Amino acid sequence: MAQDSQRIVIPEALQLSRDDIGVQFALMWEFIKAPLIVPLLQLGVVICLIMSLMLFCERVYMGIVIVLVKLFWKKPEERYNWEALEEDMESGSSNFPAVLIQIPMFNEREVYKLSIGAASNLSWPADRLVIQVLDDSTDPEIKQMVELECQRWASKGVNIRYQIRETRGGYKAGALKEGLKRGYAKHCDYVAIFDADFQPEPDYLRRAIPFLVNNPEIALVQGRWRFVNSNECLLTRMQEMSLDYHFTVEQEVGSATHAFFGFNGTAGVWRIAAIDDAGGWKDRTTVEDMDLAVRASLRGWKFVYLGDLQVKSELPSTFKAFRFQQHRWSCGPANLFRKMVMEIVRNQKVRFWKKVLNKTELGFALFLFVCGCYDYVHGKNNYFVYLFLQTITFFIAGVGYIGTII
């Protein structure tokens, strides 16, 4: 009798399928998923709703701050020490710091002339400026075209260097890192980075460099992107609206409140000492710009965003190019979070609540991504669309502008 009371009751469906291990596991999953998995998912949904409310409050906060910034905040030229650099009659251009311009390229057949020409026309003493074209192109014809363009500007007296590598190790980060190792680059104090489709105005350096010269705590001056092909199609117009919000609100608020905001990868000027202090360029993720900005921020460096310092650029006008760009922007932050989470947690310069908030946002981004994948495979109501959109939102909130609400 005692043995009968201790006997485990197995559903008949399992007893009939003893010889089929796969079927047994499937039936067992159906048997336990409701009492075990559903409560956990319900708890996760509640917490995600709370996080969504927090994100909404953050948006409201940023909206209030940007209004105050526009109405009452001083301009960056007034908040920081800023004085225009002028040539001296006696010393000439010696009071101008040496600046390196880096233009990374990869098979840029259509736009390479624009960026090289814009960099060559920058208003800066010729003996204090070095332009470095970092060509990682794999097409021999394009490489020859870029090299000939560099030679054409060099014949006009422009100090321009054409650099290639045997391999593309590290991709853009590897090219930028290799460029800083050149002997002539070691004499430069600052480095401005422009992607191949970016065209700075001639006065770009004269407006940006004084912030770095007169404020030793500033590591980066970030300019705003201005899109020349925004009206080309519906896809470019939608991208412009999204990126305009990023620059007009997120970057502006981060700069005005002395909070972290990310380097956009181009149209910015770095203090080379700050790059070295942060550990230099690293190719461990596809968002090398965000990686460097986070590490520099953890070291105590400050960033300045100039909304009126605009640089012309182009938006992806085909879905293939847009998808490639968004894949890089979406997957990179997740990989960076995995590699840097403990470094941020251990850092003494980041306040406790800032760490908790951003790690929670990124953690739930991962949770939502898993839920979205499960719904995509097993669901019937297409909830995965909403879940994936929320995943992107939480990743942006957790990594895109760490600390702007604290």
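**Close-up views of a predicted model**

**View 1. The span 36-69 in the predicted model.** An unreviewed UniProt entry lists residues 36-69 under "transmembrane region", along with 356-377 and 383-403.

**View 2. A salt bridge between Lys 70 and Glu 252.** The side chains of Lys 70 and Glu 252 meet at 4.0 Å, N to O. This pair links distant parts of the chain, 182 residues apart: Lys 70 belongs to helix α3 (residues 21-71) and Glu 252 to helix α9 (residues 234-256). Lys 70 counts as exposed because its relative accessibility is 54%, whereas Glu 252, at 11%, counts as buried.

**View 3. A salt-bridge network of Arg 109, Asp 139 and Glu 141.** Between Arg 109 and Asp 139, the closest N and O atoms are 3.6 Å apart. Arg 109 lies in the loop between β1 and α5 (112-120), and Asp 139 in the loop between β2 (129-135) and α6 (140-154). Arg 109 is partly exposed at 37% relative accessible area, and Asp 139 is partly exposed at 24%.

**View 4. The salt bridge of Arg 284 with Asp 291.** Here the N to O distance is 2.8 Å. Arg 284 is partly exposed, with 24% relative accessibility; Asp 291 is buried, at 0%.

**View 5. Two charged surface patches.** Glu 83, Glu 86, Glu 87 and Asp 127 form a negative patch. Glu 83, in the loop between α4 (76-79) and β1 (99-105), is exposed at 57% relative accessibility. A positive patch consists of Lys 177, Lys 181, Lys 186 and Lys 282. Lys 282 sits in the loop between α10 (272-277) and α11 (288-298) and is partly exposed at 31%.

Methods
Residues numbered from 1 in each chain as written. Predicted model: local features only at pLDDT ≥ 70, side-chain atom pairs only at ≥ 80, totals over all residues. Heavy atoms only, no water. Patch = residues over 30% accessible without salt bridge, like charges linked within 9 Å, V, L, I, M, F, W, Y side chains within 5 Å. Areas by Shrake-Rupley, 256 points an atom, 1.4 Å probe, with all protein chains shown as cover. Lys, Arg positive; Asp, Glu negative; His and termini not counted. Charge placed at Lys NZ, Arg CZ, Asp CG, Glu CD. Helix = DSSP H or I, 4+ residues; strand = E, 2+ residues; numbered from the N terminus. Buried < 20%, exposed > 50% of the residue type's maximum accessible area, 1.4 Å probe, protein only. UniProt positions renumbered as here; feature names shortened; annotations may be inferred.
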